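Here is a short report on one protein model and its ligand. Please keep the sequence and the 3D view at hand while reading.

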Amino acid sequence: MLIKNKGINHLTEAQVTDESIYHQRRDVIKKMGFIGAGGLLASSNAANANPFSFFSKEEKPLFETKPLDFKAAVLDEQKRTPEAKVISHNNFYEFGTKKSDPVENAQHFQVKPWQLKIHGEVNKPFTLNYDDLYKQFALEERIYRLRCVEAWSMVIPWLGFSLAKLIKQADPTSDAKYVAFETLHDKEQMPGQRSRFGGINYPYVEGLRIDEAMNPLSFLAVGLYGKTLPPQNGAPIRLVVPWKYGFKSIKSIVSIKLVKHQPPTSWNQLAPQEYGFYANVNPDVSHPRWSQASERRITSGGLFDRNRITTLPFNGYGKDVAHLYKGMNLKKYF
Ligand SMILES: Nc1nc2c(c(=O)[nH]1)N[C@H]1C(S)=C(S)[C@@H](COP(=O)(O)O)O[C@H]1N2
Ligand SMILES: [Mo]
């Protein structure tokens with residue numbers, strides 16, 4: 001069995017705050033030698049050592065989000081995470097490993113021109129340019145829970161279209177068994193990529209099995225809260241797979257490739273014993289160093305307010321997706 005539970009036994013549930021989990025997640029990277037004691041995080045105040053220091057905090061954000069036309073979601077009862085939180089508490093290692101780094105460091109991100117290639121095992125490969133992202137498919141709103149592997153979650157109103165629509169347009173061949181996604185690789189624009197900051201071997205890559213990708217819940221988001229995506233949330237287009245841990249929901253995508261074999265994925269490559277390919281939200285399978293049985297829902301309280309809720313299998317989307325994993329041992333394929 002690949003799951004290790006040793007090491008978390010000395011921590012009670014109450015002690016496992018998101019903050020400690022987040023530090024633990026960075027610790028793996030430290031242990032692997034990517035961030036040493038005298039490394040980038042430790043010396044972030046020293047001149048020249050911080051790859052993010054070239055934007056002063058006083059500088060006004062240059063990035064403008066624009067309103068989008070979309071079909072609104074039918075009202076649902078979930079209490080949405082305030083927009084201000086959604087766009088300021090982010091994981092986007094290309095712009096830094098702290099939650100506040102992406103909003104500070106991504107505001108100069110140029111999304112025009114953009115090219116998203118759909119290719120590989122398809123009969124009709126195509127490329128979407130920036131304007132196509134908003135025009136090719138009718139935009140709809142989806143209010144989804146996003147559950148990070150670090151045991152915090154948000155409820156976010158996304159705008160976009162089903163991944164299935166885009167894949168169908170490319171007409172996959174019978175050899176298309178998986179879908180491989182890739183984030184932009186641009187060291188000029190993404191300071192984290194200049195130093196392997198965060199330990200990831202860039203570009204960030206992710207993948208889904210073809211039946212997961214074709215599930216109606218799998219979504220390509222081009223906006224949130226009625227507007228185009230801000231860069232810290234993955235502008236101009238990112239994946240949202242609501243029944244999986246947040247790291248599957250890859251940001252700022254430039255390539256969607258249909259492939260024969262299971263593709264490599266960034267967090268799995270970095271720490272395979274901790275992050276699986278499937279990464280389905282599962283309260284019964286602990287992360288080797290913390291429990292996944294509950295989560296902190298980020299609502300309108302303070303960032304580190306206690307708002308503990310029980311984590312549901314498949315993040316509460318089991319009715320729609322559990323059949324995809326029938327007969328699979330989800331402890332082995334975590
Ligand atoms: N390219 C890229 N995509 C990424 C990440 C990243 O570091 N780089 N972080 C992931 C993680 S861990 C989470 S929880 C979500 C966070 O999305 P949000 O910042 O929009 O809430 O993005 C995911 N997509
Ligand atoms: Mo995450």
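S252 is found in the loop between β9 and β10 (253–259). Strands are DSSP runs of E with at least two residues, helices are runs of H or I with at least four residues, and both are numbered from the N terminus. S252 is not a glycine, yet its phi is positive, at about 45 degrees. S252 counts as buried because its relative accessibility is 0%. Buried means under 20% relative accessible area, exposed over 50%, and partly exposed in between (1.4 Å probe, protein chains only).

A279 also has a positive phi, about 50 degrees, without being a glycine. The loop that holds A279 runs between α7 (266–270) and β11 (294–297). With a relative accessibility of 3%, A279 counts as buried.

## Basis of the model

This is a predicted model, in which local features need pLDDT of at least 70, side-chain atom pairs count only at pLDDT 80 or more, and totals for chains, interfaces and linings use all residues. Residues are numbered from 1 along each chain as its sequence is written, chains are lettered from A and ligands numbered from 1 in the order in which they are written, and side-chain values use heavy atoms, with hydrogens and water left out.

## Cis peptide bonds

K112 and P113 are joined by a cis peptide bond, with omega about -5 degrees. P113 lies in the loop between α3 (101–105) and β1 (115–120).

A cis peptide bond also links A235 and P236, again with omega about -5 degrees. P236 belongs to the loop between β8 (227–228) and β9 (238–240).

## Ligand 1

Which residues are closest to ligand 1? They are N90, Y93, E94, S249 and K251, out of 17 that surround ligand 1. A residue is counted here if one of its heavy atoms lies within 4 Å. The shell divides into seven nonpolar, six polar and four charged residues.

N91 places a backbone N or O atom 3.2 Å from a nitrogen atom of ligand 1. A polar side-chain atom of N233 lies 2.9 Å from an oxygen atom of ligand 1. For R238, a polar side-chain atom is 3.0 Å from an oxygen atom of ligand 1. Taken alone, ligand 1 exposes 540 Å², and the protein buries 100% of that. These areas come from the Shrake-Rupley method with a 1.4 Å probe.

## A buried arginine

R209 is in strand β6 (residues 205–209). R209 counts as buried because its relative accessibility is 13%.

Technical notes. Polar contact = N/O pair within 3.5 Å; in protein donor to acceptor, adjacent residues only side chain to side chain. Nonpolar A, V, L, I, M, F, W, Y, C, P; charged D, E, K, R; others polar.
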